[in-house]
Each structure stands twice: as structure tokens, then as C-alpha cells.
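Hi,

Here is the model I promised to pass on. Have a look at it first, and my notes follow below.

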Amino acid sequence: MSRTLAGRAPSPAMMHLRRGCGPEPAGPAASSQSTPARPGVAAPALPGLTAAASAAAASRNAAKPTRRTSIVPLAAAADPATTPKPEDGLGILEVDPNLKAYEEHWRYRWDQYRATKASILQHEGSIADFARGCQRYGIVREEGATVYREWAPGAAEAQLIGDFNGWQGTPMERDDFGTWTLRLPDGPDGKPAIPHGSRVKIRMRHYDGWWVDRLPAWIKWATVPEGVMGAKYDGIHWDPPAAEKHKWVHRRPQRPQSLRVYEAHVGMSAEEPGVASYTYFKDNVLPRIKALGYNAIQLMAIQEHAYYGSFGYHVTNPFAVSSRSGTPEELKALIDAAHGVGIHVLLDVVHSHISANSDDGLAGFDFGQSEDANYFKQGEAGYHRQWDSKLLNYRNYETLRYLLSNLRYWIEEMRFDGFRFDGVTSMLYHHHGIDMGFSGGYHEYFSPATNVDAIVYLMLANEMVHELLPSAITIAEDVSGMPGLCRPVSEGGVGFDYRLGMGLPDYWIELLKHVKDEDWKMSALVGRLCNRRYSEKTIGYAESHDQALVGDKTVAFRLMDSEMYSGMSALSEPSPIIERGIALHKMIRTITMALGGEGYLNFMGNEFGHPEWLDFPREGNDWSYHYCRRQWSLVDTDHLRYKFLNAWDTACLAADDRFNFISSPWQWATMIDDERQVLVAERGPLVFVFNFSPFNDYEGLQIPVPEPGKYRVALDSDAWDYGGKGRVGWDVDHFTEPAATKEDPEATFHSRGQSMYVLSPSRTVVAYKKVDEAEEARLQAQQAAAAARAAPPAAKFSWAASMNGKGNGAGREGRA
């Protein structure tokens with residue numbers, strides 16, 4: 001949701017800490033003609049230059065070989081015996097010395113975190129125990145009784161109402177801390193007083209005398225009566241008997257080396273108009289995701305939200321599984337099935353704000369009481385004017401318990417494997433990022449505008465999540481680029497594993513809308529894609545659900561627009577618009593994978609270029625589901641070109657499975673040629689050659705490579721299988737030649753000691769991989785030996801038999 005906060009996202013801070021983008025020697029395995037660099041570490045930008053300037057400087061040298069340039073000197077090895085250990089919580093200042101100018105802020109932040117944690121440990125024993133709220137609050141079972149507890153200090157009286165008592169209030173008792181309790185003994189037959197599936201609400205009296213009915217804050221399921229216009233939600237007590245509970249079958253998968261995330265919305269996952277179920281998604285969409293090669297699903301709109309059109313971001317009931325798509329047990333079955341095919345499931349969790357809908361959600365517990373007795377901030381600090389929602393009070397002890405318990409519930413009860421935290425920018429700053437254009441200056445991140453209370457909560461959350469589940473994955477949706485967001489809590493960081501590279505989709509939109517193809521600058525492109533903090537992992541993506549919303553366009557629809565309605569048949573030649581669109585769609589996604597981060601994300605359907613936009617049913621479209629679905633038939637129809645984009649996405653992810661290039665710490669753009677619109681970049685063991693020129697094919701294009709030897713094609717967007725023209729030879733061996741000569745033994749080509757010549761057609765990307773010739777020879781020998789063993793034994797030759805009745809000709813044939 002942060003994309004709505006500050007318009008187009010600017011670059012993150014610390015340009016000199018971004019991944020290498022300019023010409024420097026060495027690579028993943030340094031060649032004999034080049035000076036070795038530090039293993040596994042991408043070199044920095046050209047000293048003293050911004051990302052764009054560095055890339056532009058490299059571009060000016062693209063047309064001619066260059067002499068060897070000296071590597072930026074590495075820091076001298078420190079003596080552990082004499083180097084002082086950084087203070088707890090200040091280790092990040094050693095990672096990025098430029099942060100030392102804000103040391104006072106970091107100390108204050110760390111002190112607040114330590115004080116909050118110390119208070120929790122003193123009263124609860126541990127953060128994990130503090131987060132066991134589900135065992136105490138809401139409707140729980142205790143020693144032959146059903147007990148309901150609710151923290152509602154703003155209420156003067158409280159009663160529990162529901163099916164179990166004919167909606168006649170049963171009074172509750174309050175303790176000194178504002179927690180209301182009701183204990184209902186089991187019946188004579190041993191059955192609980194509140195059966196599974198019963199509707200329940202809490203009825204509360206305000207100190208001014210008026211009564212209101214609200215949903216319990218810890219409710220696990222909530223439903224609305226079907227066919228009743230404007231009906232309010234009912235809380236549903238969810239405690240199915242053993243025979244009806246989901247029985248887990250599969251273990252969680254191991255954490256992947258490369259994180260490839262498929263962002264999905266269950267409700268809109270079917271082609272038929274309507275809301276799809278968890279079961280439909282499990283049976284129909286999950287197999288597609290597995291076949292594509294994604295290893296994680298980010299499920300949106302799982303926490304209950306009364307307004308479907310909010311995309312799930314106006315959460316009303318944080319613990320409740322959205323009933324539109326089914327029951328908690330059906331969601332568990334989906335997650336279990338995903339684990340069974342090796343896919344992680346991440347929850348798109350919303351802890352940045354709460355829907356202002358007080359009738360149906362947590363907001364109903366705000367009676368205007370003071371902040372020390374409230375889940376929410378008060379006054380202007382408690383209202384998000386762009387989202388029309390309520391803001392949480394992260395300083396409050398019970399708010400922390402509620403939120404941390406929420407995370408624990410989703411991990412342990414529902415077995416999610418991690419979280420994508422929505423709206424983190426809104427949490428990090430008191431201004432919530434509204435009307436802010438972050439420039440990357442550190443003063444924007446560390447000032448009185450920083451919401452330290454929210455940062456402390458996020459530190460506690462990440463610490464607890466990784467303690468409960470060491471393999472957990474947490475991702476921050478932050479548009480500001482705050483340093484330290486993805487550094488360990490022990491260093492003073494916030495503790496996320498990844499941040500979303502939110503500026504990349506906006507950059508692609510900017511290019512496609514405002515810049516002619518022939519004016520695309522490779523130096524600017526590399527500068528944007530590489531502009532991130534090297535010490536913090538980023539999820540790169542070309543588009544997400546944000547770009548698909550009504551009023552915007554997907555990359556495919558922006559490229560091909562209405563031509564997609566009539567020009568996607570593969571039975572005829574493509575129009576220039578379709579040919580361009582197919583080619584650039586593949587290139588944009590591939591270069592984002594190759595240079596945009598340490599992980600990759602795609603929104604459901606965009607892998608095959610889903611047309612049009614997303615629009616939820618609403619009064620303005622006559623409550624239509626036409627644009628709130630996924631048209632899988634487009635990619636399943638063999639004569640349509642959507643299959644080519646789908647196949648290319650699959651091929652790229654398969655290449656990552658084989659070569660682990662997306663997560664590789666080695667990333668280097670070695671040849672940046674603005675004039676020819678050619679970019680050569682190394683990522684992991686692959687050498688990518690991008691030709692963005694709309695007009696020019698380059699035959700015999702000389703490109704730098706990291707090692708001498710023989711190279712072959714590993715990926716080719718121009719192949720027939722991917723809707724290309726099949727111009728690149730997959731069976732061709734490309735041999736390198738040294739850049740050094742007798743006349744100039746120190747010569748290099750774009751800071752590489754060797755180069756090779758390739759065909760680079762217009763608007764294509766081809767990736768090359770060095771052949772392991774020793775391994776190839778070993779495999780060939782094995783194959784030859786196996787063939788020899790399988791061949792039938794040769795018959796013994798007899799001259800007499802050969803001459804018997806056959807004549808001299810037969811004899812000569814046999815002798816031959």
C-alpha cells in the first residue's frame with residue numbers, strides 16, 4: 001500500500017553502498033588476465049560518483065578496449081585482538097560508517113528497544129511467552145469451562161451475547177487492568193457452554209451510558225449473513241471437534257537460496273465471476289505456481305476485512321481468516337498442500353493500521369479513552385488521512401501483546417512461513433510518508449519525524465518470529481529506503497530479511513510512458529536497478545498488484561494496450577505493437593531478475609501478460625466481478641501468444657534453480673553502451689547480453705566475459721518457444737580470446753581479460769554460461785561407456801561363410 005504514500009519512489013540512501021555497476025576487474029572466478037577482487041563481493045561504484053554518473057562514465061568507455069584500472073583498495077585486515085567489539089545495538093555503525101553522524105538517534109532507539117524488552121521479560125518471562133495471548137484472551141478452554149477474556153478498559157460494563165444465551169447478555173467481571181472475564185462451566189453432558197460455530201459478540205456500555213455490540217478482538221472467524229444488504233459481521237467461535245480439524249501432513253520446506261515470490265489473491269484467482277475459495281486455489285492455482293517455478297506464495301487479503309474492495313488492507317479482524325473464501329481449516333489445507341510441493345506461504349500481514357469500521361472490527365474498542373488504555377493513538381496521531389483508517393499505539397503494552405500474539409498465531413496455528421509487512425513506511429514515520437519525496441538523505445530517516453515506538457515493535461516482531469521459526473522470511477514494504485531495515489536486531493537494525501524494491505516498478509512505468517524506446521539509456525537503467533544497499537537484501541519486481549489496479553496498467557497492457565484484444569493469435573504474424581510488447585515484456589522482467597535484487601516477485605497472472613486491470617465490485621461498476629478475476633484460459637489456449645510469456649517466465653525461474661543467479665552476491669554490469677543500447681552484465685555464473693535497440697541486430701558483437709574458455713547459451717528470449725525468431729544458435733560454442741597483446745600485455749576489454757563474439761538481435765536478452773570442459777569430458781566418457789555396454793556383441797567374422805554363395809562383392813563388403 002505504500003505506493004500511494006509518496007508517489008514515485010526515489011532511490012534508497014547510500015549510493016556508494018549499492019551493488020557494483022561500473023567497470024572493475026575480476027568476477028565470480030577471476031581470470032588469469034585480470035586482477036582478482038574480493039571473493040563473492042560486488043565492487044563499489046566509481047569513487048565520488050552517484051549511481052547514474054558512475055554508469056554514464058562507464059558508458060563513455062563502452063566502444064573501445066580499456067587499460068587495466070586499479071581496484072578500489074580493500075580495507076586492511078583488522079586484528080581481532082586489537083579491534084574493539086561494537087557496542088550491542090550499534091554494530092550497524094560499523095557496517096555503514098556514514099550512520100555515525102546519527103549515533104545519538106541509534107543509541108536512543110536501542111535504549112527504547114532494551115527498555116521495552118526488559119519490561120516484557122520482567123513480567124512475562126520472554127517475548128515468545130508474552131505473545132501467547134491466544135491462550136488467554138478471546139474464547140478459550142480452561143479446566144472444564146469456556147472462558148472469555150477481553151481487554152476493554154474503555155467500557156463501563158461488558159456482557160457476552162450470542163447464540164449460546166439467546167442474545168441475552170451474560171455479565172462479565174473487570175480486573176484492575178481493564179480485562180473483562182466470563183467463565184462458563186461445561187454442561188452436565190460435558191459439552192462446552194459455547195459450541196463450535198456459535199455466533200458471538202461483546203456488548204459494552206460506554207461511561208456516558210450508551211451500549212454497543214462489537215466483535216471480540218481475538219475472534220478467529222467472522223461471517224456476514226448472506227443476501228442481507230448492509231448486514232454487520234458476526235463473530236464465530238471456531239473450535240471444531242477433532243474429526244473436523246485439519247490434520248497436517250507435510251513438513252515446512254527448507255528455506256530457499258533464491259526467494260521467488262508469487263503474489264496472489266485467493267478471492268480473484270478464478271476465471272468465473274465471483275469470489276474464489278481456498279479449496280479452488282489449492283486445486284487449480286497452486287499447481288500452476290509450482291509448474292512456473294516459484295518457491296513462495298504471498299497470500300493477500302487473508303485477515304478479515306469487511307470491505308472487499310480494500311484489497312484486504314483495511315483489516316477489521318486481525319486474527320480472523322477471511323470467510324469470503326472459506327474456513328480456517330480450508331486455509332490450512334491450502335498451506336499444507338503448498339508445503340507438500342516445496343512452496344513457502346507468506347502472509348501479507350497488516351499491522352500498520354486498522355479499518356475505521358467500528359461495528360465490525362477492532363476499532364470498536366476505541367471509546368475515546370486515553371492512550372495508556374487504548375489499542376490506538378488519539379487525535380491526529382491516531383488517524384491516517386489518506387487511508388481513512390485508525391493508527392495503532394505501539395507504545396502500549398497490550399497493543400504489543402495483541403500484535404505479537406497475532407504473528408505467533410499465524411505461524412503456529414496456521415503454519416505460515418513468514419510475513420510481508422504492509423505499509424511499513426507509514427509505521428516508520430509520524431508523517432507516514434504522506435506528501436514526502438524521499439531523496440535518500442540520512443536526515444530524512446533519523447529525526448523527530450521517526451516513529452521510534454513503531455520501530456521498536458518491528459524489532460521485537462522480527463526477533464520473535466525468527467526465534468519461533470528460524471526459517472521464517474520477513475519482508476518490509478517500505479518506499480523510503482530507511483537504512484538498517486534489513487540488518488539484524490542485535491546490530492540495531494529492524495531485523496527484516498528483505499525489503500521490496502518499490503522504486504523499480506515506478507521506473508518502468510516512467511520509461512514506458514515518457515521515453516521513446518530509442519532514447520532508453522543503459523547507464524540510467526543500470527543505475528536504477530543497482531541502486532540499493534549492498535548489505536540489505538531486496539526483492540526486485542517489475543510490477544505487483546499496485547500497478548494492476550484500476551486507473552493503472554500492467555506492463556503488458558501498457559506495452560500492447562487494446563491490440564491485445566485482437567493481435568495475440570500465434571496463427572498469424574504479429575503486428576509491430578505485439579512484437580515489441582512481447583519482446584520488451586520478456587526483457588523487462590529478465591533484467592529486473594538479473595540486476596534488481598536478491599529475490600524476485602510477480603503478481604498472479606502477470607507472468608503471462610494478463611491484460612487489462614483490477615477493479616473490485618463496487619457501486620461505480622455495478623458490483624461487477626469482470627475485472628476481479630484471472631483469465632487463465634488465455635494462457636491455456638495454445639494458439640494465443642500468452643503461452644510464450646508464460647514459458648519464458650518458467651525458463652527464467654528454471655535457470656535460477658540451476659544457476660542461483662537471482663540471489664548471487666556477484667553482480668556486475670561490465671559493458672554499458674548507451675549509443676548501441678547494449679548492456680552486458682554478470683550475475684552469478686551467467687553473462688547476460690541485453691540489446692534494447694529497437695532497430696539494430698549486432699552480429700559479431702564483442703562482449704567481455706569473466707573467465708577464458710568456452711561459453712554456451714543458457715537462456716535466449718529470441719527462441720521459438722518464447723515467441724522469438726530463433727536467430728541465436730543454442731548449439732554454438734563461443735570461445736574467448738585474450739585482450740592482452742604483445743604490444744599491450746596489460747590490455748583489458750571493459751575491465752575483463754578476455755572477450756568473445758556473439759549475435760545479439762534487436763530487443764533480446766541472451767544469457768551465456770561457461771562450459772565446465774572437464775565435467776563435460778567426464779559425462780561424455782560416461783555416456784560412451786554406457787553406450788558400449790548396451791551395444792550387442794559383434795559377431796565373429798568367417799571368410800568362408802562370407803563367400804558361401806555370395807560372390808566376391810559380398811566378400812568385399814564384409815572385408816570393408
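Strands here are DSSP runs of E, at least two residues long, and helices are runs of H or I of at least four, both numbered from the N terminus; two strands pair if DSSP finds at least two bridges between them. Isoleucine 354 has lysine 390 in E19 as its bridge partner. The open sheet they belong to has three strands in the order E17-E19-E18, with antiparallel pairing. Its edge strands, E17 (354-355) and E18 (383-384), each pair on one side only.

Before the rest, some housekeeping. This is a predicted model, where local features need pLDDT of at least 70 and side-chain atom pairs count only at pLDDT 80 or more, while totals for chains, interfaces and linings use all residues. Residues are numbered from 1 along each chain as its sequence is written, and side-chain values use heavy atoms, with hydrogens and water left out.

On confidence: pLDDT (the predictor's confidence in each residue, from 0 to 100) has a mean of 88 for the protein chain, and 86% of residues reach 70 or more.

A second open sheet has six strands in the order E25-E26-E27-E34-E29-E30, with antiparallel pairing. Strand E25 (667-673) and strand E30 (734-735) are at the edges with a single partner strand each, so one side of each has no neighbour in the sheet. Helix H14 (residues 576-595) packs on this sheet and touches E25, E26, E27 and strand E34 (764-770), a contact being heavy atoms within 4.5 Å. Further along, strand E26 (residues 678-683) pairs with strand E27 (residues 686-691) in the antiparallel sense over six bridges, and valine 680 stands opposite valine 689 in E27.

Where does strand pairing come from in general? Strands of a sheet pair through backbone hydrogen bonds, either parallel or antiparallel.

Best wishes

Key: Axes are lines fitted to C-alpha atoms, for helices over the stretch in contact, and angles run from 0 to 180 degrees between N-to-C directions.
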